Each structure stands twice: as C-alpha cells, then as structure tokens.
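Me: I would like to learn how to read a helix and a ring pair from coordinates. Could you take me through them one feature at a time?

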Amino acid sequence: MRARSALLAGLASAAVLLIGWQAGNQADSTPGSATGKAANPPSGTGTTSGPGSPTAAGTSPGPAGPAGAGAKDGTFDGSQIQTRYGTVQVQAVITRGKITDVVPLQLTDVGSLSGEIDQQAVPMLKSEVLSSQSANVDTVGGATYTSQGYLTSLQAALDAANFK
C-alpha cells in the first residue's frame, strides 16, 4: 500500500511539473506575453511638470544610474493587454530617470475572483518593479494572467519613455 501511494505521489508531481513546463512554453511564444512584444503599440502621454521637465528636444537629462539612461521624465500609458480575464493596462511614472510609480488603469474583471487576485498581486508586482527598476520581474503565483498583462503593459510604457 505504501509503495502504491509513493508511486501515485511521484506521478502526480511529474504531471504538475509537465503542465507547468508546457504553460511556460506557451507564455513565452504567445504575442502579448510578458516575454514577448506588447500586443498594441505604446502610447506615452509624456505629461510632465516641475523640475526635470523635458527639454526643448523632448528629453530630460539622463539619470545617474544606467537603468534609466536617456529616459524621458513624465507619465506614460502602457498598451491595453487583453487577457483571458479582461483587459490590463498600467501607467508608468518616470522621475529623474527612475520608475517612481506604476498606476493600474485597468485590471482584470472577468469572474468574481479576478478582483481578489488583483488586490493581492498588483502591490507585489509594483513593489518588485520599483525595487528592480525594470518590468523584467517574476510573475506572481496564482495571478499569471494579471502579472503577464501588467508587465507587458508596463514594458510598453517604459519603451514609450525610452527607459532602458
């Protein structure tokens, strides 16, 4: 009986790993995924005010660090990313060549669980993005669609800001 339980547990673990591996491969090759290009072109609004506003050429002096070198300061809307559970869109705020805020403009809204997932995942994603100064962060477990939409939209906003 013990051997049967161990065998079944091993098979279940292998199945979970296989499913996760296949899902990861699909996300990498799907247009609009976190690792692919954004589905819609970026639409930077370039709204600025105060110190660090763009110069006449439309760019502000680069930051001290290499991450935001050559980035424009302002507020930039990311693309609207269609997910299985609704549209996700974020706005990036760049100040002195750094990501200072990420504001969700639209989040998933299909099904009653979407809002709950977003409430937990979005603060975690924002924290990771602000810490790493990049959209290249891990997705939140249990919030794959929200994470991929959030990060893809954010990357489009960063591209519009010329944030490297």
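Predicted model: local features only at pLDDT ≥ 70, side-chain atom pairs only at ≥ 80, totals over all residues.

Me: Where in helix 2 does a kink lie?

Reply: A kink of about 25° is found at Gln 119, shortly before the proline Pro 123. Beyond the end of helix 2 comes Gln 133, whose phi is positive, near 55°.

Me: Which residues of helix 2 are buried, and what do they pack against?

Reply: Burial is judged by relative accessible area, with under 20% counting as buried. In helix 2 the buried residues are Ser 114, Asp 118, Ala 121, Val 122, Leu 125 and Val 129, and these buried residues pack against strand 5 (98-106) and helix 3.

Me: How many aromatic pairs are there, and why is the pair of Tyr 85 and Tyr 145 classed as it is?

Reply: Rings pair if their centres lie within 6.5 Å, and planes over 60 degrees apart count as edge-to-face. By this rule there is one aromatic pair: the ring centres of Tyr 85 and Tyr 145 are 5.3 Å apart with their planes at 70°, so the pair is edge-to-face. The pair links distant parts of the chain, 60 residues apart, with Tyr 85 in the loop between strand 3 (81-83) and strand 4 (86-95) and Tyr 145 in helix 3 (residues 144-160).

Me: What are the relative accessible areas of Tyr 85 and Tyr 145?

Reply: Tyr 85 is partly exposed at 31%, and Tyr 145 is partly exposed at 34%.

Terms used
Residues numbered from 1 in each chain as written. Heavy atoms only, no water. Phe/Tyr/Trp six-rings, centres within 6.5 Å; stacked < 30°, edge-to-face > 60°. Helix = DSSP H or I, 4+ residues; strand = E, 2+ residues; numbered from the N terminus. Buried < 20%, exposed > 50% of the residue type's maximum accessible area, 1.4 Å probe, protein only. Bend = angle between axes of the 7 residues up to and from the residue. Contact = heavy atoms within 4.5 Å.
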